[in-house]
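Please keep the structure open beside you as you read.

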Amino acid sequence: MTEDVEMKDTQVTAISSSPTPDPTLQHLKEIASLIETGSYTKEVRRINRAVRLTSSLRHTITAPVLSAFLDFVLVSGSEAHSRLAAYVPKETEQDMEVDTATSAVQAPGKHLLPELEVYCYLLVLLFLLDQHKNVEAKACASASIARLKSLNRRTLDALASKLYFYYSYSYELTGDLAEIRGELLTLHRLATLHHDELGQETLLNLLLRNYLHYNLYDQAEKLRSKAPKFEAHSNQQTIQLEYTDAKENLLQAARKAPVAARGFRIQCNKWAVIVRLLLGEIPERTIFMQKGMEKTLRPYFDLTNAVRIGDLELFRKVAEKFADTFSNDRTHNLIVRLRHNVIRTGLRNISIAYSRISLADVARKLRLDSPNPVADAESIVAKAIRDGAIDATLDHANGFMLSKETGDIYSTNEPQAAFNSRIAFCLNMHNEAVRALRFPPNSHKEEESAEKRRERQQQEQELAKHIAEEEDEDF
């Protein structure tokens with residue numbers, strides 16, 4: 001009895017002393033299995049799910065885990081394995097012990113699917129970017145794009161779009177974004193020929209970003225007008241004075257953006273605030289109070305407050321105080337255009353407060369610092385009356401502005417226009433939701449194939465039963 005107890009104890013200690021497999025490596029193997037299944041069954045949604053799962057594991061991938069995964073997926077000594085393993089740092093003795101423990105049990109056969117090879121390129125590229133090895137990441141991205149150009153599989157579209165993005169991002173980090181413009185155009189042409197819609201959308205955004213990074217707005221406009229419209233060109237439309245279309249696209253982009261993409265949502269809100277100010281609208285205060293955005297949107301909140309009040313001096317102070325921020329955000333040129341809106345807002349407030357006011361007082365209240373402020377105030381008032389911004393008349397002989405009495409707004413067409421814009425917004429959102437619906441492939445054939453499968457199984461059972469009965473009779 002004592003010997004049996006001792007043997008059980010030694011077995012328990014041996015099992016407990018064996019190292020547990022790394023959870024990140026296990027998750028990566030499960031993702032590899034998911035990609036393999038999606039490749040064999042031609043189900044793109046499985047590849048998309050694998051990409052989403054990778055985003056949650058990105059910051060837990062270490063060099064030993066990545067090295068073990070490459071050994072698990074790729075054939076040792078192959079060209080892809082040798083190239084990718086060179087980017088992964090060498091392991092220490094402790095890491096090798098963990099590596100051998102986690103990769104001790106491997107599949108007898110190696111995976112040679114292009115989807116898994118491209119996925120390994122993506123993992124290594126993400127690892128290098130997280131380690132701030134931008135030069136190595138640029139070389140790895142270039143190698144992955146060269147491999148992608150030789151493949152034409154629809155199951156690669158989701159992985160390829162990610163590689164396109166990080167390819168451009170790695171060159172942007174090293175300041176060499178202009179070098180890949182021709183390559184991006186070539187990739188966009190290939191994606192169009194291969195009917196890769198996701199790749200076309202991604203590459204079109206990257207090309208527009210490339211042009212806008214160097215202030216090449218004319219080239220961006222030509223590309224936007226020639227390429228298929230994917231509603232992702234709001235920055236360029238803002239520069240081209242297409243404020244209404246830019247506002248619609250920016251609001252849709254901010255609404256569709258995932259919660260985790262906080263940087264993208266902040267950028268959309270910055271541009272949306274400026275576009276709405278240029279359109280004469282005042283953004284709601286809740287936009288600036290969103291969680292995680294208060295500090296970043298603070299300069300734009302102060303800018304909105306200056307435009308809302310119509311104080312030209314306050315607007316000038318805000319523009320000078322946050323000049324560096326606006327320059328880094330590449331919105332300084334648009335903010336310069338807001339000066340006219342500030343003057344018009346101040347003039348509207350004056351026309352509401354005073355039924356009769358001299359042009360000299362108008363220039364003083366607007367704080368015009370020109371050599372001839374009265375003449376400038378007269379031209380501003382005349383232009384505002386012509387554009388319909390204020391309901392007033394101009395007495396040129398006596399130098400006065402006479403405001404008309406405020407009428408009943410419900411006797412005008414403004415309520416109808418407001419309701420029309422809201423109804424159009426709701427209808428547009430409904431249409432976008434309908435267009436965004438996705439269905440499993442061949443969903444209309446699943447019921448029919450299941451019935452045929454049941455009939456086949458029933459026939460096989462009847463045939464097996466008939467054969468068994470004949471064998472019993474012969475016996």
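The largest cavity holds about 140 Å³ of space, a volume being the space filled by probe spheres set on grid points that are joined across faces, edges and corners. Its lining has 15 residues, and Leu148, Leu151, Tyr164, His194 and Asp196 are the closest to its centre; a lining residue has an atom within 4 Å of a point.

This is a predicted model, in which local features need pLDDT of at least 70 and side-chain atom pairs count only at pLDDT 80 or more, while totals for chains, interfaces and linings use all residues. Residues are numbered from 1 along each chain as its sequence is written, and side-chain values use heavy atoms, with hydrogens and water left out.

Which helices each supply at least two residues of the lining of the largest cavity? They are H9 and helix H10 (181-193); helices here are DSSP runs (H or I, at least four residues), numbered from the N terminus. By class, this lining has 8 nonpolar, 2 polar and 5 charged residues. In this scheme Ala, Val, Leu, Ile, Met, Phe, Trp, Tyr, Cys and Pro are nonpolar, Asp, Glu, Lys and Arg are charged, and the others, Gly among them, are polar.

The second largest cavity has a volume of about 30 Å³. Its lining is made by His340, Ile343, Arg344, Ile380, Lys383 and Ala384, with helix H20 (332-353) and helix H22 (373-387) each giving at least two residues. That lining divides into 3 nonpolar, 1 polar and 2 charged residues.

Now for an open space. The second largest pocket has a volume of about 980 Å³; a pocket is an open set of points with protein on both sides within 12 Å along at least five of seven lines. Of its 25 lining residues, Lys247, Leu251, Arg276, Glu281 and Ser421 are the closest to its centre. Helix H14 (243-256), helix H15 (262-278) and helix H23 (414-435) each supply at least two residues of the lining, which by class has 10 nonpolar, 6 polar and 9 charged residues.

Axes are lines fitted to C-alpha atoms over the stretch in contact, and angles run from 0 to 180 degrees between N-to-C directions.

| Helix pair | Angle | Axis distance |
|---|---|---|
| H7 (114-130) and H9 (157-173) | about 30 degrees | 10 Å |
| H9 and H11 (197-213) | roughly 10 degrees | within 8 Å |
| H10 and H11 | about 155 degrees | 9 Å |

Angles under 35 degrees count as roughly parallel and those over 145 as roughly antiparallel. H7 and H9 are therefore roughly parallel, and so are H9 and H11, whereas H10 and H11 are roughly antiparallel.

A crossing is left-handed if the near helix is turned anticlockwise from the far one by less than a right angle, and right-handed if clockwise. H7 passes H9 in a left-handed crossing. The contact (heavy atoms within 4.5 Å) includes Leu122 and Leu126 of H7 and Leu163 and Tyr166 of H9, and it has 12 nonpolar, 1 polar and 2 charged residues.

H9 passes H11 in a right-handed crossing. Residues meeting there include Tyr164 and Phe165 in H9 and Leu203 and Leu206 in H11; the contact divides into 6 nonpolar, 5 polar and 3 charged residues.

The crossing of H10 and H11 is left-handed. Among the residues that meet are Leu184 and His188 in H10 and Leu203 and Leu207 in H11, and by class this contact has 9 nonpolar, 5 polar and 1 charged.

Definitions and conventions. Parallel < 35°, antiparallel > 145°, perpendicular 65-115°, else oblique. 1 Å grid on protein atoms, 1.4 Å probe; cavity = no way out; pocket = protein on both sides within 12 Å on 5 of 7 lines; lining within 4 Å.
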